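Here is a short briefing for a first look at a protein chain. Keep the sequence and the structure in view as you read.

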Amino acid sequence: VAALPTANAGASPNPVCINSNLNLTSSGGTTYQWSGPNGFSSSQQNPTVNNIQSNQAGIYTVTVTNTAGC
(Lines give C-alpha, C1' and ligand atoms only; values in the text may rest on other atoms or scores of the structure.)
Protein backbone atom coordinates (compact mmCIF):
# COMPACT_ATOMS: atom_id res chain seq x y z
CA VAL A 1 0.00 0.00 0.00
CA ALA A 2 1.47 3.36 -1.05
CA ALA A 3 0.71 6.70 0.56
CA LEU A 4 -1.11 9.43 -1.31
CA PRO A 5 0.97 12.45 -2.28
CA THR A 6 0.59 15.63 -0.26
CA ALA A 7 -0.38 17.97 -3.08
CA ASN A 8 -0.24 21.76 -3.03
CA ALA A 9 -1.42 24.12 -5.76
CA GLY A 10 -1.66 27.86 -6.24
CA ALA A 11 -2.10 30.69 -8.71
CA SER A 12 -0.60 34.17 -8.81
CA PRO A 13 -1.47 36.88 -9.13
CA ASN A 14 -4.96 36.21 -7.92
CA PRO A 15 -6.98 37.88 -9.31
CA VAL A 16 -5.13 38.32 -12.59
CA CYS A 17 -5.75 41.18 -15.03
CA ILE A 18 -6.44 40.71 -18.75
CA ASN A 19 -3.23 40.69 -20.82
CA SER A 20 -1.15 39.65 -17.78
CA ASN A 21 0.48 36.29 -17.09
CA LEU A 22 -1.06 33.76 -14.72
CA ASN A 23 1.50 31.60 -12.92
CA LEU A 24 0.21 28.22 -11.75
CA THR A 25 2.23 26.29 -9.15
CA SER A 26 2.06 22.78 -7.77
CA SER A 27 4.16 20.44 -5.66
CA GLY A 28 4.08 17.15 -3.83
CA GLY A 29 4.34 14.62 -6.64
CA THR A 30 6.38 13.48 -9.60
CA THR A 31 3.89 14.09 -12.43
CA TYR A 32 1.33 16.84 -12.87
CA GLN A 33 -1.64 17.28 -15.20
CA TRP A 34 -3.35 20.68 -15.33
CA SER A 35 -6.70 21.47 -16.95
CA GLY A 36 -8.71 24.64 -17.16
CA PRO A 37 -11.02 26.89 -19.15
CA ASN A 38 -10.94 27.23 -22.92
CA GLY A 39 -9.22 23.84 -23.36
CA PHE A 40 -6.18 24.65 -21.20
CA SER A 41 -4.00 21.60 -20.57
CA SER A 42 -0.42 21.22 -19.35
CA SER A 43 1.80 18.50 -17.93
CA GLN A 44 4.29 21.03 -16.53
CA GLN A 45 4.63 21.27 -12.77
CA ASN A 46 4.39 25.07 -12.82
CA PRO A 47 2.90 26.32 -16.11
CA THR A 48 2.28 29.94 -17.07
CA VAL A 49 -0.75 31.16 -19.00
CA ASN A 50 0.64 34.09 -21.01
CA ASN A 51 -1.42 37.12 -22.01
CA ILE A 52 -4.57 35.78 -20.30
CA GLN A 53 -7.95 36.79 -21.74
CA SER A 54 -11.49 36.80 -20.36
CA ASN A 55 -12.35 33.48 -22.05
CA GLN A 56 -9.64 31.87 -19.88
CA ALA A 57 -11.31 32.88 -16.60
CA GLY A 58 -12.46 30.07 -14.34
CA ILE A 59 -11.18 27.17 -12.30
CA TYR A 60 -7.80 25.57 -13.00
CA THR A 61 -7.23 22.10 -11.54
CA VAL A 62 -4.16 19.91 -11.22
CA THR A 63 -3.87 16.16 -10.70
CA VAL A 64 -0.70 15.31 -8.77
CA THR A 65 0.69 11.77 -8.96
CA ASN A 66 3.61 10.28 -7.01
CA THR A 67 6.10 7.58 -8.07
CA ALA A 68 3.75 4.84 -6.83
CA GLY A 69 1.03 6.08 -9.20
CA CYS A 70 -1.16 7.39 -6.39
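The points below go from the whole chain to single residues.

This is a predicted model. The chain has 0 helices and 6 strands. Buried residues account for 23% of its 70 residues.

**Overall build**

- Along the sequence, the pattern reads β-β-β-β-β-β.
- Taken along the principal axes, the C-alpha atoms fill a box of roughly 45 × 20 × 15 Å.
- The chain exposes about 4,400 Å². Carbon and sulfur atoms supply 50% of that area.
- Take the contacts between residues at least 6 apart in sequence: 50% of them join residues at least 24 apart.

- An open sheet is formed by 3 strands, in the order 1-2-5. Their pairing is antiparallel.
- Strand 1 (8-12) and strand 5 (48-49) stand at the edges. Each has a single partner strand, so one side of each has no neighbour in the sheet.
- In general, the strands of a sheet pair through backbone hydrogen bonds.
- Strand 2 covers residues 22-27 and pairs with strand 5 over 2 bridges, in the antiparallel sense.
- Which residue of strand 5 is the bridge partner of Leu22? The partner is Val49.

**Ser26, in strand 2**

- Ser26 belongs to strand 2.
- Is Ser26 buried or exposed? Ser26 counts as buried, because its relative accessibility is 5% and the cut-off for buried is under 20%.
- The Ser26 side chain reaches the backbone oxygen of Gln45 at 2.5 Å.
- Leaving out residues up to four places away in sequence, Ser26 touches Asn8, Ala9, Tyr32, Trp34, Gln45, Asn46 and Val62.

**Asn66, after strand 6**

- Asn66 sits in the segment that follows strand 6 (61-65).
- Asn66 has a relative accessible area of 15%. That makes Asn66 buried, because the limit is under 20%.
- Which backbone atom of Cys70 does the side chain of Asn66 reach? The side chain reaches the backbone nitrogen of Cys70, at 3.0 Å.
- Neighbours within four places in sequence aside, Asn66 is in contact with Ala3, Leu4, Pro5, Gly29 and Thr30.

**The aromatic pair**

- The count comes to 1 aromatic pair. Phe40 and Tyr60 form this pair.
- The arrangement is edge-to-face. The distance is 5.4 Å centre to centre, with 70° between the planes.
- Phe40 lies in strand 4 (residues 40-42), while Tyr60 lies in the loop between strand 5 and strand 6. The pair therefore ties together parts that are 20 residues apart in sequence.
- Both Phe40 and Tyr60 are buried.

**Cysteines**

- How many disulfides does the count give? The count comes to 0 disulfides.
- A disulfide is a covalent bond between the sulfur atoms of two cysteines.
- Cys17 is exposed, because its relative accessibility of 53% lies over the 50% cut-off.
- Cys70 has a relative accessible area of 29% and is partly exposed. The backbone nitrogen of Cys70 is the atom that the Asn66 side chain reaches.

How values were computed:
Residues are numbered from 1 along each chain as its sequence is written. This is a predicted model: local features need pLDDT of at least 70, side-chain atom pairs count only at pLDDT 80 or more; totals for chains, interfaces and linings use all residues. Side-chain values use heavy atoms; hydrogens and water are left out. Helices (H or I, at least four residues) and strands (E, at least two) are DSSP runs, numbered from the N terminus. Buried means under 20% relative accessible area, exposed over 50%, partly exposed in between (1.4 Å probe, protein chains only). A polar contact is a pair of N or O atoms within 3.5 Å; within protein, one must be able to donate a hydrogen and the other to accept it, and residues adjacent in sequence count only if both atoms are side-chain atoms. Contact means heavy atoms within 4.5 Å. Two strands pair if DSSP finds at least two bridges between them. A disulfide is a pair of cysteine sulfur atoms within 2.5 Å. Accessible areas come from the Shrake-Rupley method with a 1.4 Å probe; for residues, only the protein chains shown count as cover. Rings of Phe, Tyr and Trp (its six-membered ring) pair if their centres lie within 6.5 Å; planes under 30 degrees apart count as stacked, over 60 as edge-to-face and the rest as tilted.
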